[in-house]
Each structure stands twice: as structure tokens, then as C-alpha cells.
Amino acid sequence: MIKAVLVLNTQGKPRLAKFYEFRPVEKQQELIRNVFSVLCSRAENVSNFVDAESIYGQDARLVYKHFATLYFVFIFDSSENELAMLDLIQVFVETLDKCFRNVCELDVVYNYSKMHSILDEIIIGGQVLETSSTEVIKAIEELSRLEAASNSINLVPKSVSGWRAR
Amino acid sequence: MGSQGGFGQSKEFLDLVKSIGEARSKAEEDRIVLNEIETLKRRIIEPDIPKRKMKEYIIRLVYVEMLGHDASFGYIHAVKMTHDDNIVLKRTGYLAVTLFLNEDHDLIILIVNTIQKDLKSDNYLVVCAALNAVCRLINEETIPAVLPQVIELLGHSKEAVRKKAIMALHRFHQKSPSSVSHLISNFRKRLCDNDPGVMGATLCPLFDLISNDVNSYKDLVISFVSILKQVAERRLPKSYDYHQMPAPFIQIKLLKILALLGSGDKQASENMYTVISDIIRKGDSSSNIGNAILYDSICCAASIYPNPKLIEAAADVVAKFLKSDTHNLKYMGIDALGRLIKLSPQIAEQHQLAVIDCLEDPDDTLKRKTFKLLYKMTKSSNVEVIVDRMIEYMISISDDHYKTYIASRCVELAEQFAPSNHWFIQTMNKVFEHAGDLVNVKVAHNLMRLIAEGFGEDDDAADSQLRSSAVESYLRIIGEPKLPSVFLQVICWVLGEYGTADGKHSASYISGKLCDVAEAYSDDVTVKAYATSALMKIYAFEMAAGRKVDLLPECQTLIEEMLASHSTDLQQRAYELQALTGLDRQAVEAIMPQDASCEDIEVDKNLSFLNDYVQQSIERGAQPYIPEDVRAGMGEMSNFRGQDKHEPSHHVLRFEAYELPKAPPPSKAAPVSIASSTDLVPVPEALYSRESQQISSAASASEAGSSGLKLRLDGVQKKWGKPTYSSPTPSSTSESSSQKPVNGMTQVNGASAVNSRVRESYDSRKAPVEISPEKQKLAGLLFGGSSKPERKSSAGHKAPKANASAADRSQESKTAGASNEAVAEKTNHQPPPDLLDLGEPTVTTDPPSVVDPFKQLEGLLDSSPGPTIDHSAGATAKVPDIMSLYGGTTTGEQSTSGGYSIPVSGEGNLLSGLSNAAAGGAPGEMTFTSSQSVKGPNAKDSLEKDALVRQLGVNPSSQNPNLFKDLLG
């Protein structure tokens with residue numbers, strides 16, 4: 001099971017944090033700090049895996065990938081395969097890239113909710129649900145269409161929309 | 001809105017993000033965020049906020065909370081948003097709620113109704129959003145409220161919904177298996193879904209179910225195998241391909257499931273051999289995901305009933321992994337190797353150099369994994385090298401968690417395989433010195449007991465020699481500053497017990513040292529107590545020997561200081577010591593007999609000497625004592641009650657009938673502390689719990705009738721608590737003497753000498769292979785020669801551990817001739833010639849030429865009689881083999897530095913990283929390459945973004961408009 005998905009930048013600021021088991025906010029922050037301190041102490045050209053038992057508890061593993069200014073981090077237990085998780089990060093990033101065309105850190109920051117929607121399509125309840133970025137994109141596009149539509153509705157003055165609702 | 005294009009957020013939010021990005025310190029960032037919280041608090045309660053604005057506020061709340069600040073004031077607004085009819089707002093609401101709330105939060109109850117409604121919605125996107133929330137927010141109590149809808153959705157026409165419904169059901173099963181146990185058949189049904197995606201999703205819950213209970217799913221083996229076969233043969237639609245692999249994640253899950261199902265089951269495994277070997281054979285080791293599949297096929301092959309061909313194929317893949325340049329693959333290779341050596345230990349020998357490379361790699365992850373592997377292959381011939389390595393690494397790291405872990409491993413290996421007592425003590429000293437505060441106290445006690453009890457019951461000389469060597473080493477170490485407390489305790493104890501035993505050191509010298517310790521660590525009460533007791537022993541032994549005793553002046557001051565100590569324990573010890581010095585010789589001998597630390601002290605557990613007193617008291621009308629198990633039952637009862645009172649306070653609504661009472665587990669650890677609330681409990685519940693108590697403690701059936709009366713007493717009874725005296729530790733000697741020694745020393749020496757032979761002939765031939773001599777040496781030490789002794793010592797692995805190990809070792813250290821049993825056991829494993837040799841081990845002596853290089857290499861092993869001609873003859877025959885292996889592995893080794901680089905080039909474009917990682921793809925990667933080729937035209941896109949950002953007042957720090965490293969950092 002996947003326990004958490006984190007996106008941090010190279011300064012250690014969280015850009016996205018999603019936990020599939022509840023953790024209080026302070027614990028989350030502590031975890032993010034610990035993860036970052038481990039990641040930034042790792043040299044280049046070493047493996048993408050880290051033993052996360054001291055960070056997250058029994059049987060936890062961590063896989064990360066460094067893209068430009070961002071670290072993508074997945075924390076999971078022994079029922080997942082490390083290499084496969086590495087590729088899941090790849091799927092996630094590829095999807096982001098297709099969604100935002102040349103994704104960069106700014107996109108990640110400003111499209112916070114969209115990031116979450118994308119992640120929700122890929123992982124649900126800590127289990128890998130979808131691994132084809134095309135499928136994810138399809139779902140996301142459908143949402144965006146809806147969003148566009150509803151935005152246009154929202155442009156109608158509030159009083160009118162209230163009237164319409166009746 | 002238009003000017004902000006794709007960003008979709010107001011300038012305010014962008015400003016916030018920007019200012020946080022520019023914050024130079026954590027304090028500044030906190031100030032900005034707190035400001036933002038104030039603004040949001042104010043704004044969010046304004047009347048008539050446009051919905052789109054509200055949505056943005058919610059997003060900002062989520063953002064604030066991600067940065068570690070409390071946003072709980074806005075939770076209720078997020079909850080409200082889930083009620084909205086507009087799907088976009090609803091989704092935002094659900095998103096925020098799933099991030100904010102845990103499943104036991106009070107607000108959940110307000111959402112359950114909405115979720116119920118949304119699950120019935122016609123719009124499948126609404127249903128999906130609701131299912132997402134279900135996975136995160138529904139707890140055991142609310143499951144029944146949504147369960148019927150979720151089950152219905154398993155048959156929804158959209159596959160996306162079916163998938164999510166399965167996941168939701170899976171989540172329910174994780175949370176509370178009992179509530180959905182009758183619905184598990186649904187997973188089996190969905191396995192046959194038309195949509196491969198849904199089928200793939202079903203594998204997640206099935207994997208969990210199967211790992212809990214393998215046997216009820218054996219019938220699915222055939223189906224899983226056929227699915228795997230179809231997937232591997234690319235029968236799925238092309239859209240499931242990922243980097244040209246057909247549905248790799250489904251393959252991986254299936255392999256994991258098969259590994260579970262085939263474990264130890266020959267019949268089931270036979271069905272799998274073909275498909276697994278096909279996958280391994282066709283495996284694509286050029287891509288990451290291909291390797292992931294290969295790795296899981298190895299795991300599967302190692303887990304199911306072994307098939308030699310399959311293992312061979314798996315070993316080949318492992319070889320490929322280990323020779324690879326990337327650390328990731330090496331890591332996987334080491335892990336897989338660890339799985340395979342259980343089945344065929346000789347595989348490790350082929351990869352000795354690769355393993356050593358990994359051990360010396362700068363990558364910590366790889367190193368640790370390698371240590372895990374080494375731990376698995378430790379045997380008495382290589383324990384010294386491995387433990388030394390481990391200690392070396394242990395000293396070098398600062399991560400306490402891992403330090404503790406590796407220290408405990410060192411101790412475990414040392415206890416199990418130590419070749420000599422001297423080495424064992426040295427090793428333990430090192431472990432204590434560097435990780436003393438992290439190791440379990442038990443280890444220290446074990447060490448003390450070991451030194452006290454000695455290692456061979458019939459060899460007193462060796463014991464006392466060992467003790468004096470321990471004393472020597474401790475006297476050397478004791479001067480070092482900042483020793484861990486546990487270690488000092490051991491030192492004090494040993495010095496007190498044996499410091500003057502061999503007569504080398506005078507009592508005043510030892511007591512002076514002890515006083516120094518007590519002074520230097522004056523705030524550590526335990527150490528002081530140990531030191532005082534040690535002093536007492538020293539003086540007592542002196543007096544018993546009839547010598548005149550003068551307390552040292554520093555000792556005198558120490559006693560005086562402790563007489564006034566706040567710690568009663570220290571005070572008592574000081575008084576005792578003072579009193580002892582005033583006694584005569586006979587009395588002292590009686591109080592402190594020499595070397596009596598391992599005598600058993602008889603403890604009368606029943607306190608029978610108090611019987612008369614108890615009888616008298618009862619006759620005078622005192623309440624009789626209630627045995628502990630009865631009290632435990634009471635505790636349990638109050639525990640039930642506690643739960644019942646507890647839960648409703650969180651959740652007012654109950655969706656289900658009360659459960660039937662479970663028979664309480666017979667554990668005695670039930671808390672008695674809540675017992676005082678007895679009176680508050682409604683009667684029927686008390687009855688019900690008393691009933692169950694009767695079930696649990698059948699022994700007290702007769703008393704149960706009157707238990708109503710006794711119940712009110714438990715507040716009083718609590719005082720008794722558990723018995724406080726500690727039962728005497730059974731002396732391990734008596735227990736372990738019956739253990740048969742499994743590892744003869746002759747064996748061990750044979751192995752290492754063989755190894756030295758190998759080295760010898762290797763050197764003389766001067767093979768043109770360039771491997772650093774240290775590495776070869778290490779390899780030799782680690783993988784120690786022929787496979788025969790290895791097989792043997794893998795049996796030694798299973799030898800009784802820790803407790804018995806002391807005796808084992810002691811037997812080991814004697815020559816094999818000493819115990820006939822050992823020989824008898826060996827005959828089972830060894831070919832006839834060896835049997836002959838072992839039958840008369842005292843006759844064969846070491847030819848000096850063998851001992852010398854061997855000593856050069858290892859330095860540490862004692863030169864007891866061992867290697868025989870047969871042994872070494874067998875080994876020399878093996879030489880060419882090993883040589884060729886050396887040759888083979890170097891090629892891989894030399895190219896190690898090639899490196900696996902994820903470019904972090906100045907281009908802030910994530911894609912550059914992407915493209916490299918996925919390199920090697922061909923047409924199947926269309927989607928990907930296309931996005932790369934768009935890069936050119938995309939400059940326009942980037943420029944637009946850039947312009948927009950400029951509008952917002954953000955200045956890019958470099959030429960590339962996509963790069964905002966500095967800014968956002």
C-alpha cells in the first residue's frame with residue numbers, strides 16, 4: 001500500500017502532500033522535514049530508494065525522483081515493488097507534463113487542486129488504480145470541461161443563478 | 001479571469017504563493033501565512049460570497065495547512081461545499097475534506113448523508129468524487145451507511161466507477177474486515193470483469209485477502225496463471241501498454257499473488273513454472289518497468305516451490321542486475337540475491353565481488369541492503385569480517401534508528417557465531433562503546449552472565465583467563481571519556497566481581513578506578529549504584545582473604561556523599577558498605593561469598609512463610625486475597641465498559657446493532673485503572689461483562705457467583721498489582737548443556753584453510769586480472785571457499801540462538817573429538833572421506849605451510865587442528881572455477897563509474913529529466929516523444945506563461961522563462 005505522496009522542491013518546501021493514512025498536521029510537517037533532510041543528503045547518481053523505517057515506521061520504503069527543482073516522493077510498504085513505484089512517479093510526472101505542457105514548478109504550485117485530481121485518478125486509498133497517463137488525462141479533461149462550463153454559469157449574476165436554481 | 005489563463009486563481013492567491021516563495025526565513029514565511037489565515041478567517045464568514053471565490057478560499061486553506069498551519073476554522077466551510085450542487089465546487093469540497101479530516105473527526109457525520117446521496121447520482125463524475133471521499137473518510141461505524149450503494153456501484157456501466165467501487169470495498173475490508181466479510185465474493189466476481197482495468201483493480205484487494213488466508217484461494221491459481229499468460233502475451237488492448245510493456249502493473253501484482261499462493265505448495269507451483277519462466281525469458285531488461293517485472297518474477301520463483309531451472313534463470317537475471325551500472329538495479333539485485341541464497345547458497349559465491357562493491361558503495365541505501373544480505377549469509381567462518389564491517393559502519397553513521405538496528409544485529413551474530421570468547425568480548429566492547437545507549441539492556445545482562453558463568457564448565461583455567469582478559473580490557477577502556485551508561489554498568493560489575501580475582505591488580509587500584517567512575521558520572525545513579533556494589537565486593541573479598549582493608553580516602557568521601565544522597569537506593573548501598581567494613585571475616589564471607597554470582601537464589605514464589613500470618617488475619621476478619629487472573633477478568637470488564645462509554649462520546653449515531661459480545665482474550669494485561677468507575681455502569685452491561693468474564697476465567701467458576709460483591713473491591717485490590725519480585729533467571733548452562741553442538745571447529749578451519757589454498761594457487765598463477773588485493777581478501781573471507789561447509793553451517797543457522805549459544809560456543813572451541821555427538825551428526829552431511837578424518841581429528845595436525853598464509857589473511861582465527869588433505873584436494877579442484885569468476889566479474893566492476901544520471905541541468909524544465917529517464921523507448925513512446933518534439937513550438941507557450949508571470953510581478957531569474965528556481969525557492 002502507498003502511504004504518502006509528497007512533492008517537495010529543492011529548498012524543502014512542500015508543493016503537494018497527500019497522506020493515505022491519517023497523520024496530524026504537525027506529524028506531516030515533521031515527516032516532510034525528515035524526508036527532505038534525507039533527500040538532500042543523498043549524492044547524485046545513487047539509487048532512488050531509501051529505507052524509510054526511521055522516518056515513517058516499520059516496513060516503510062521510500063522512492064524518490066528528482067526533476068529539475070522538484071523531488072517527487074512516494075512512501076509505501078513492502079507490498080509494492082520499488083522499481084514499479086519509480087515508474088509510477090514517471091507516470092505521474094508524464095501526466096502532469098501532458099496536462100500542463102512542459103510542466104514546471106510554477107504549474108505545480110498554481111494548479112494545486114488539479115494536481116490532487118490527477119493524483120486521485122492514479123492512486124486511490126493507497127492503491128494504484130490507473131497507470132495509463134492517457135486514461136488519466138481523459139478523466140481530467142472531462143473535469144476541466146465541466147469546470148469551464150460551470151465557470152461560465154457562474155458569470156451569470158448571483159441573483160439570476162439563484163433564481164434559475166429555483 | 002481571462003488574463004490569468006490556465007492558472008484559474010486570483011491575483012491574491014498568486015501573490016501569496018509568490019511572497020511565500022520569496023520569504024527568506026521560516027519566520028518570515030510563518031508571518032505571511034499567519035497573515036493569510038487572518039484574512040481568510042475574516043473573509044470566509046462574510047455573507048454572500050460568490051461561490052467561485054469561496055472555492056478559492058478553500059484551496060487557500062488547503063495550501064495553508066500543507067505549509068503546516070492550523071486551518072481548522074475553515075473545515076466546516078469545506079464540509080458545506082460538499083453539499084453544493086455544482087460538481088466543480090463539490091469536488092473541491094471533497095478534496096479539501098479528504099485532506100483536512102480524519103475518519104474519526106466530528107464533522108464526518110455531516111458528510112455521510114451527502115456521500116449517500118452522491119453515490120446515487122446520475123453523473124458518474126459525482127459518483128467518482130463521492131467514492132474518493134468514501135475511501136478516505138468512512139470509518140467502521142459509517143460503513144453500513146454507504147455499503148449498499150457501493151455494492152450497487154460494482155455493477156455500474158462506467159468502468160471508472162466500478163474500479164473505484166472495488167477500491168472502496170477494499171478500503172472497508174481494511175478498516176473492518178467483519179463488516180464486509182459476507183461481500184468478499186464480489187472481488188472474485190469482478191476478477192472476471194470485461195474491462196482489464198477493473199480486473200487489475202480487483203487484484204489489490206485479492207492480494208490482501210490472499211496474504212491473510214492463502215488456502216481459500218488456491219482454486220484461483222489457474223485463473224491467475226491464465227490471466228498472467230494472456231497479459232504477458234499482449235492479449236490486452238494496446239492502451240494498457242506502458243513503455244512497450246503490456247500492463248506491467250497488473251503483471252507485477254499477479255506475480256506477487258502467485259508468490260503467495262505457490263509458497264510451499266508444489267501442486268500449485270507446478271502450474272506457474274511455465275508462465276514465470278516465459279516472463280523471465282522474454283523479459284526486457286532495458287527499461288525500468290521491464291526490470292521491475294523481472295525482479296518480481298525472481299521473487300515469485302524464490303517464493304514458490306523451487307524448480308531448479310527456474311532458479312537458474314532467476315540467478316542469471318540477478319547476475320545481470322548486479323552487473324548493471326545503475327544503483328537501482330544493483331539494489332534490486334542484492335535484494336533478489338538475498339531471496340535466492342536461501343534456496344541455493346552457492347549463488348552468492350558467483351557474485352562475491354559485486355556484493356563487495358555494493359558494500360563499499362557511497363550509497364547508503366545500497367550499503368544497508370548489502371548488510372541485510374550479509375546478515376543472511378553469516379556463518380562461523382565469516383562472522384568476524386562481517387561483524388567488523390558492521391561495527392565499522394555503525395560507528396560511521398549518526399542515524400540512531402539504524403544504529404540500534406545494526407547494533408542488535410551485531411550482537412545477535414556475535415552471540416550466535418563467535419569463533420572465540422576473546423573475540424566475542426572484544427566485539428561486545430566495541431558495540432557497547434559506540435552504541436551502548438541504544439542496545440537493549442538485556443544484552444548487557446547476557447554479557448555479564450556469560451563472563452560469570454564462563455564458557456566451558458570443565459575448564460576453569462580458560463574461564464579465569466577470559467575473565468582476566470575482560471578485566472584488562474575494561475581497565476584500558478575505563479579511562480575514556482563519555483562511555484555509555486549501560487557499558488559502565490557492565491564494567492563496574494565485572495571489575496567488582498573479578499577485578500582482584502587473578503591477583504594482578506591490587507584492591508586499592510581497582511577501587512580507585514571504581515571511585516573515579518562514580519565521580520566522573522556522578523549524575524548517573526545507576527552507574528553509581530553499580531560502582532558502590534562493586535566496591536563492596538572488592539572489600540568483602542579482601543576481608544574474606546584475611547587481608548587488612550583500608551578504605552581509600554576518595555572512597556570514604558564517596559560514601560559520605562552518598563549517605564546523604566537523595567536516592568534511597570544509593571543511601572542504602574552506602575550504609576551497607578559502611579556496615580560491611582565493620583564486620584569480621586566470617587560474617588563477611590557469609591554475606592558476600594566469592595564468585596557466587598551464578599548461584600541460583602531460591603525464591604519462594606508462593607510466599608508460603610506468610611501463610612500463618614495470612615491465616616491469622618483472615619480469622620480476624622480480613623478480606624481474602626483475590627488471585628490475579630480473577631482480577632484480570634475484572635479489569636477486562638471495566639475495559640469493555642470503558643470502550644462503550646468512550647465511543648458514543650465521539651459518534652452519536654450508530655448505524656448498526658450492537659455486536660455480540662466477544663470472548664475476551666485471556667491476556668492479563670487488561671488495564672485495571674478504570675476500575676474505580678464501577679458504580680457508574682448500568683446494570684445490564686455489568687451483567688453482560690460478568691458473563692464474558694466467566695467464560696474467560698473458567699478456573700474461578702465457583703467464585704463467580706459472589707463476584708458481584710468482590711467487584712467493588714477492585715479499587716483496593718489494585719494496590720497489589722503484579723508480583724514485584726523478579727523470578728530468578730534460569731541458568732542457561734543447565735538448559736543448554738543438552739544442546740548438541742552443531743558446528744565443529746574443525747569444520748570451520750577446514751573452510752578457511754581451503755580458502756587460503758585457493759588464494760595461494762591463485763597468486764602463483766598470476767592471473768592477469770586486476771582486482772585490488774583487499775577486495776579479494778574480503779571476498780575470500782566473506783564467501784569462504786567450498787560449498788560443503790557452507791551447507792553445513794546453514795544448518796547451523798537454525799541452531800538454537802542466544803541463550804544456548806554460550807554453551808554451543810564453548811563446545812565449539814574444544815576440539816571436535818571431545819564430543820561424539822558432533823561427529824555423529826557430521827556424518828549425516830559429509831561424504832565418507834571426511835568422516836574418516838573427523839573420526840580421528842587429533843591425529844591430523846596442521847602442516848605449518850597452511851597455517852601461515854591463513855594467519856596472514858585472517859590474523860584472528862586460532863590455529864587449532866583442522867584442515868585435512870581431502871579437504872584441500874577438493875578445493876584445489878575448484879580453483880579454476882573461481883578464477884574464471886574473478887575474471888567474469890571484473891568487467892562489470894570496472895564500468896561501475898558509468899553512472900546513471902538524471903539530469904538536473906539548468907533548464908528548469910521537468911521534461912529534460914523525463915526524457916532521459918525514459919530513454920530507449922521506441923515508437924510505443926509516441927505520446928512521450930511527441931511532447932518532447934513540441935518543445936520547440938512550445939516556446940510560444942512558455943513565453944505566454946512568462947508574460948503572464950511578469951504581469952503578476954514575478955521576475956524570472958534566468959534566460960529560460962520556465963525557470964523559477966530562485967523565486968519559488
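**Entry 1: a helix pair between the chains**

The model is predicted. I first looked up how H3(A) sits against helix H16 (residues 288-303) of chain B: the two pack at an angle of about 155°, with their axes 8 Å apart. Angles over 145 degrees count as roughly antiparallel, so H3(A) is roughly antiparallel to H16(B). I noted the crossing of H3(A) and H16(B) as left-handed.

Which residues make this contact? On H3(A) I listed A:Leu83, A:Ala84, A:Leu86 and A:Asp87. On H16(B) the partners are B:Asn288, B:Ile289, B:Asn291, B:Ala292 and B:Tyr295. Sorted by class, the contact of H3(A) with H16(B) has 6 nonpolar, 2 polar and 1 charged residues.

**Entry 2: the chains one by one**

For chain A I counted 7 helices and 7 strands. Read from the N terminus, the elements of chain A follow the order β-β-α-β-α-β-β-α-α-α-β-β-α-α. Of the 166 residues in chain A, 55% are buried.

Chain B has 51 helices and 2 strands. Of the 969 residues in chain B, 41% are buried.

I also looked at sequence separation, taking contacts between residues at least 6 apart in sequence. In chain A, 47% of such contacts join residues at least 24 apart. In chain B, the corresponding share is 73%.

**Entry 3: from H16(B) to H17(B)**

Back at H16(B), I looked up its packing within chain B. H16(B) and helix H17 (residues 308-323) pack at an angle of about 145°, and their axes are 10 Å apart. The crossing of H16(B) and H17(B) is left-handed.

From H16(B), the contact uses B:Leu294, B:Ile298, B:Ala301 and B:Ala302. From H17(B), I wrote down B:Leu310, B:Ile311, B:Ala314, B:Val317 and B:Val318. The class count for H16(B) with H17(B) is 9 nonpolar, no polar and no charged residues.

**Entry 4: two single residues**

I picked B:Ile347, which is found in helix H19 (residues 346-350) of chain B. Is B:Ile347 buried or partly exposed? I found 19 other C-beta atoms within 10 Å of B:Ile347. A residue needs 20 or more to be buried, so B:Ile347 is partly exposed.

Not counting residues up to four places away in sequence, B:Ile347 touches B:Ala315, B:Leu337, B:Leu340 and B:Ile341. I also checked B:Ile347 against B:Val318: the two are 29 residues apart in sequence, and 9.6 Å apart in space, C-alpha to C-alpha.

Next I looked up B:Asn271, in helix H15 (residues 266-282) of chain B. B:Asn271 counts as partly exposed, with 18 C-beta neighbours inside 10 Å. Leaving aside neighbours within four places in sequence, B:Asn271 is in contact with B:Val221, B:Ile222 and B:Val225. Along the chain, B:Asn271 and B:Val225 are 46 residues apart, and their C-alpha atoms are separated by 7.4 Å.

For helix H4 (residues 75-82) of chain B I listed the buried residues: B:Ala78, B:Val79, B:Met81 and B:Thr82. Seen down the axis of H4(B), these fall within an arc of 160°, so they line one face of the helix. What do the buried residues of H4(B) pack against? I found helix H3 (51-66), helix H5 (87-100) and helix H6 (108-119) of chain B.

Finally I followed H5(B) to helix H7 (residues 124-137) of chain B, where the packing angle is about 10° and the axes are 10 Å apart. That makes H5(B) roughly parallel to H7(B). The residues of H5(B) in this contact include B:Tyr94 and B:Val97, and those of H7(B) include B:Ala129 and B:Ala133. By class, I recorded 8 nonpolar, 2 polar and 3 charged residues for H5(B) with H7(B).

Terms used
Residues numbered from 1 in each chain as written. Chains lettered and ligands numbered in written order. Predicted model: local features only at pLDDT ≥ 70, side-chain atom pairs only at ≥ 80, totals over all residues. Buried ≥ 20, exposed ≤ 12 C-beta atoms within 10 Å, placed from the backbone. Helix = DSSP H or I, 4+ residues; strand = E, 2+ residues; numbered from the N terminus. Arc of directions from axis to C-beta. Contact = placed C-beta atoms within 7 Å. Axes fitted to C-alpha atoms, helices over the stretch in contact; angles between N-to-C directions. Parallel < 35°, antiparallel > 145°, perpendicular 65-115°, else oblique. Left-handed = near helix turned anticlockwise from the far one by under 90°. Nonpolar A, V, L, I, M, F, W, Y, C, P; charged D, E, K, R; others polar.
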